[in-house]
Amino acid sequence: MAEDLDGNAYVETDVVGNIGEDGMGGSDDDFDPFLLNPKGVKDVVHRKTSTFEPESESKSDQNGVSAKKKTTSAKKRKRLEKMREKRKQFRRGKGGREQHPLAGDVQLLSCDEQAKRVRKFYVEGVTRLGTPFSELEIEEVSKVLRPDTVIKSIIVPQSDVKKSTKDNKGWEVGVRSLAATIKKFFGKDWNGILRTPVRKGHVANLKGSGPHVLVLTLSANRATSIIRGLKAKLKISNLRIAKLFARHMKPAQQESFLKEGCSLAVGTPSRVQKLIDLGSLDLKSVSLICFDMKKDAKKLQIFTLKDMERDMLKLFHSHIYPSMAETTMKKAAQKSQKLCFF
């Protein structure tokens with residue numbers, strides 16, 4: 001044991017080099033200034049025996065784990081964003097819903113733009129079915145689906161609808177717009193054209209006379225609300241409206257109703273096509289074909305909903321377009337069938 005000038009005891013050991021009696025020994029290369037100060041020796045020993053370095057390693061490990069968590073959470077966020085974007089693209093269709101020809105508020109566009117979009121929808125849809133048109137057929141389509149074959153619906157402002165009255169209970173601005181458009185289309189004698197004649201309290205036999213107006217909508221619930229709204233707004237006592245959808249009535253009942261005669265028909269594309277194929281519904285008497293552009297809870301419409309779009313395309317290709325082509329070949333623009341979006 002040895003003592004320094006302050007009286008602190010220390011042991012002479014060979015920590016770095018051989019220490020002599022004077023506290024300094026060995027070569028100059030082995031000189032360590034910490035050995036001159038006992039506190040320095042304690043610091044050295046403390047540094048050697050303390051757990052400072054493993055603690056720093058554990059902290060670095062924890063930081064590494066937290067960094068990994070952050071990176072994984074960031075990756076998850078990116079993955080979820082990609083999944084959401086793919087889901088949106090799937091719902092919208094290729095290129096997005098905004099690029100669909102008949103998506104959005106088509107009824108607000110001009111007649112020229114509406115006719116252009118109808119042609120695009122028809123040509124692209126038939127191409128997807130596997131039977132693309134030739135250039136001559138596309139020219140014929142443009143001759144049939146002219147701008148004068150589309151009429152613009154009368155837009156009823158939202159401010160004109162009184163919420164306090166019963167007039168807005170079961171329908172909305174779109175149905176009011178449809179009723180106003182039908183009145184304008186048939187002119188001053190719209191009441192007499194749409195009224196079904198009655199003889200001795202019974203409906204006259206109108207076999208062979210189909211409806212004057214055909215309304216195609218998204219669902220059965222929407223069809224019932226349109227029927228209620230038309231009856232309330234047109235206010236015709238003997239107005240017969242055919243319910244052409246898969247609810248309340250079977251196809252046989254709908255066939256018998258159509259044989260008795262009606263002025264308007266409201267239904268879904270699939271049931272309308274079925275009745276046309278059965279021979280119960282004839283489009284030759286139809287003067288105005290209206291498409292309901294109401295959006296459902298998922299913001300989809302009759303032309304953008306996947307199954308409904310297919311049914312709509314088949315109906316348009318197999319019956320609506322041939323009927324319009326037949327009427328336009330007569331070169332009577334006033335007698336040709338018209339299309340309307342509301």
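Colleague: Where is the place of K299?
Modeller: K299 sits in the loop between β9 (288-291) and α10. Helices here are DSSP runs of H or I with at least four residues, strands are runs of E with at least two, and both are numbered from the N terminus. One caution: this is a predicted model, where local features need pLDDT of at least 70 and side-chain atom pairs count only at pLDDT 80 or more, while totals for chains, interfaces and linings use all residues. Residues are numbered from 1 along each chain as its sequence is written, and side-chain values use heavy atoms, with hydrogens and water left out.

Colleague: Is K299 buried or exposed?
Modeller: K299 is exposed, because its relative accessible area is 54%. Buried means under 20% relative accessible area, exposed means over 50%, and partly exposed is in between (1.4 Å probe, protein chains only).

Colleague: What is the phi of K299?
Modeller: Phi of K299 is near 65°. That is a positive value in a residue other than glycine. K235 also has a positive phi, near 55°, and is not a glycine.

Colleague: Where is K235 found?
Modeller: Look in the loop between α7 (220-234) and β7 (241-244). K235 is exposed, since its relative accessible area is 68%.

Colleague: Back to the loop between β9 and α10. What is D296 in contact with?
Modeller: D296 lies in that loop between β9 and α10. Leaving aside neighbours within four places in sequence, D296 contacts L218 and L305. Contact means heavy atoms within 4.5 Å. D296 counts as partly exposed because its relative accessibility is 25%.

Colleague: Now the whole chain. How many helices and strands?
Modeller: Ten helices and ten strands. The chain has 342 residues, and buried residues make up 36% of them. Take contacts between residues at least 6 apart in sequence: 66% of those join residues at least 24 apart.

Colleague: Let's do the helices. At what angle do α3 and α10 pack?
Modeller: Helix α3 (residues 111-128) and helix α10 (residues 306-328) pack at about 105°, with axes 10 Å apart. The axes are lines fitted to C-alpha atoms, for helices over the stretch in contact, and angles run from 0 to 180 degrees between N-to-C directions. So α3 is roughly perpendicular to α10. The cut-offs: under 35 degrees is roughly parallel, over 145 roughly antiparallel, 65 to 115 roughly perpendicular, and the rest oblique.

Colleague: Which residues meet there?
Modeller: From α3, V118, F121, Y122, G125, V126 and R128. From α10, E309, L313, F316, H317 and Y321. By class, that contact of α3 with α10 has seven nonpolar, two polar and two charged residues. Ala, Val, Leu, Ile, Met, Phe, Trp, Tyr, Cys and Pro count as nonpolar, Asp, Glu, Lys and Arg as charged, and the others, Gly among them, as polar.

Colleague: How far apart are R310 and G125?
Modeller: They are 8.6 Å apart in space, C-alpha to C-alpha, and 185 residues apart in sequence. R310 lies in helix α10. R310 counts as partly exposed, because its relative accessibility is 39%.

Colleague: What do the buried residues of α3 pack against?
Modeller: They pack against α4 (135-144), β3 (150-152), α10 and β10 (338-341). Among the buried residues of α3 are Q114, A115 and V123. Just after α3, G130 takes a positive phi of about 105°.

Colleague: How do the axes of α3 and α4 cross?
Modeller: They cross at roughly 145° and come within 10 Å. R119, Y122 and V123 in α3 meet I138, V141 and S142 in α4. That contact has four nonpolar, one polar and one charged residues.

Colleague: And what about α9 and α10?
Modeller: The axes of helix α9 (residues 269-278) and α10 cross at roughly 30° and come within 9 Å. So α9 is roughly parallel to α10.
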